[in-house]
Amino acid sequence: MAEGGTTLEYTPTWVVAVVCSVIVFISLAVERILHFIGKYLKKKNQKPLFEALQKIKAELMLLGFISLLLTVFQDRIAKICIPKDLANQWLPCQEKKEQTVTHIQTLFFSFLPHATGRHLLAEASGTASYCTAKGKVPLLSTTALHHLHIFIFVLAVVHVTFCALTILFGSTKIHQWKSWEDYAKNMEYDPEGVVRTKITQVQEHDFIRNRFLGIGKNSELLGWVYSFFKQFYGSVTKSDYITLRLGFIMTHCRGNPKFNFHNYMMRALEADFKKVVGISWYLWAFVVIFLLLNFVGWHTYFWIAFIPFILLLAVGTKLEHIITQLAQEVAERHIAVEGELVVQPSDNHFWFNRPRLILRLIHITLFQNSFELAFFAWIWFQYGFKSCMMGQVRFIIPRLVIGVFVQFVCSYSTLPLYAFVTQMGSSYKKAIFEEHIREGLVGWARKAKKNTKGNAFKRSANGSSQVGPKEESPLVLEMVEAYGKESAA
């Protein structure tokens, strides 16, 4: 018998076989489910969503590697000894209470004979005695390592699930705008002349009446206040959609007045999903900082709930204010215009002239909200509702209310706003083309860029200043650069 539990030498073979069978069955079931989902997405030509699924697989592989590291090095980590006074600083709870069996583990092991009263397989009391003999304590016990292992897994699963639900509900809201797209396409827009067949009084236009709040400092402040509350009700109206859609078309595709803006917006959102579903290094850094500061008396688990809440409100207000700014620009410059009212998209309306920064903030918001709810669920099932890490009820209820609020508003307001308003930048996204067209254009553009560099090198080698018979269009090079930037983002 080994210290801390029974080894495989003295474990019934049928127990080993049953446990291995269950683990293998669950692993194969998850793998096949992901495989069939991937086949379905490829069949439906949903390449962005397929790439998002591959991103999820990569995150699962990373989790598997973390699990492997924790399993292989748990004994070595537990044998790192530190002084007792150092181990009693920055504790999450005032008193240490050892638990050999947790709620979930009790339920699992209750199906096995003689399981009740056994230590966890990961618990090795020999490591504790190893440090005790030196008058010290382990840096991290094997039980704590096991609990940390479970927390990391729960965090990743909750984050991926919440991101998927956010995209699902947000897409449902955006699909409701399809009728506005059909209405706009049926309107006769001719960028070369037909739109100038009538005079539009700017102040009487629905978009201006709903968004223009006057001129001056007071109107600027009023615009921010209006944008703050506007994100909670009717964040995007029919006049907003039709006006901003026309502005996009007149800026980026004048030759196609019946361009399907709605489909383009959905393709761009699906492409962004694969970035949101991942867990970047700075998000893992946030987890480490929170675990560091989560000691007794600080109530870190409570204050952290306000981070995604504040970010969500800031992003939603900014997106609404961009629409207001577009209306402000037109109303201040014109009293009447020939044809339809057209806004001018520009990166200047976004923070630091970077529309993509909004996606980064939404990513952080979703992850931090997932982290908050995952941490709550992990403590509840691992240590119980009355655990000192759970905190008082007066702190628990606001955390849950804020978490649900953030998830709901992000799904039905902020995400659709992002998908719509970020198209008002100075450039378009590669999703403007269908997948098969985009692949052909990018291949042709790369080849043209390569040929351009080759011709320049030949002219330089020959010492000639003559220009070749045909220079490639700057749009070709711009496409390659835009494709590279989006791929790296």
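**Helix packing and residue burial in a predicted model**

The structure is a predicted model, in which local features need pLDDT of at least 70 and side-chain atom pairs count only at pLDDT 80 or more, while totals for chains, interfaces and linings use all residues. Residues are numbered from 1 along each chain as its sequence is written, and side-chain values use heavy atoms, with hydrogens and water left out.

E220 belongs to helix α9 (residues 217-230). In sequence, E220 is 101 residues apart from H321, yet their C-alpha atoms are 9.8 Å apart in space. T324 is located in helix α14 (residues 306-333). This threonine is buried, its relative accessible area being 4%. When residues up to four places away in sequence are not counted, T324 touches R211, Y226 and S227; contact here means heavy atoms within 4.5 Å.

The protein contains 18 helices and four strands, assigned as DSSP runs (helices: H or I, at least four residues; strands: E, at least two) and numbered from the N terminus. Of the 489 residues in the protein, 42% are buried. The protein exposes about 27400 Å², of which carbon and sulfur atoms supply 64%; this area comes from the Shrake-Rupley method with a 1.4 Å probe. Among contacts between residues at least 6 apart in sequence, 82% join residues at least 24 apart.

Two packed helices are described by the angle between their axes and the distance between the axes. The axes of helix α6 (residues 142-175) and helix α11 (residues 261-276) come within 11 Å and cross at roughly 175°. Helix α6 is therefore roughly antiparallel to α11, a term applied to angles over 145 degrees. Each axis is a line fitted to C-alpha atoms over the stretch in contact, and angles run from 0 to 180 degrees between N-to-C directions. In α6, the residues H159, C163, A164, I167, S171, I174 and H175 meet H262, M265, M266, L269, F273 and V276 of α11. The residues of this contact comprise nine nonpolar, four polar and no charged.

Cysteines were also examined. A search of the whole structure finds zero disulfides, a disulfide being a pair of cysteine sulfur atoms within 2.5 Å. C20 is partly exposed, with a relative accessible area of 41%, whereas C253 is buried at 14%.

How values were computed
Parallel < 35°, antiparallel > 145°, perpendicular 65-115°, else oblique. Nonpolar A, V, L, I, M, F, W, Y, C, P; charged D, E, K, R; others polar. Buried < 20%, exposed > 50% of the residue type's maximum accessible area, 1.4 Å probe, protein only.
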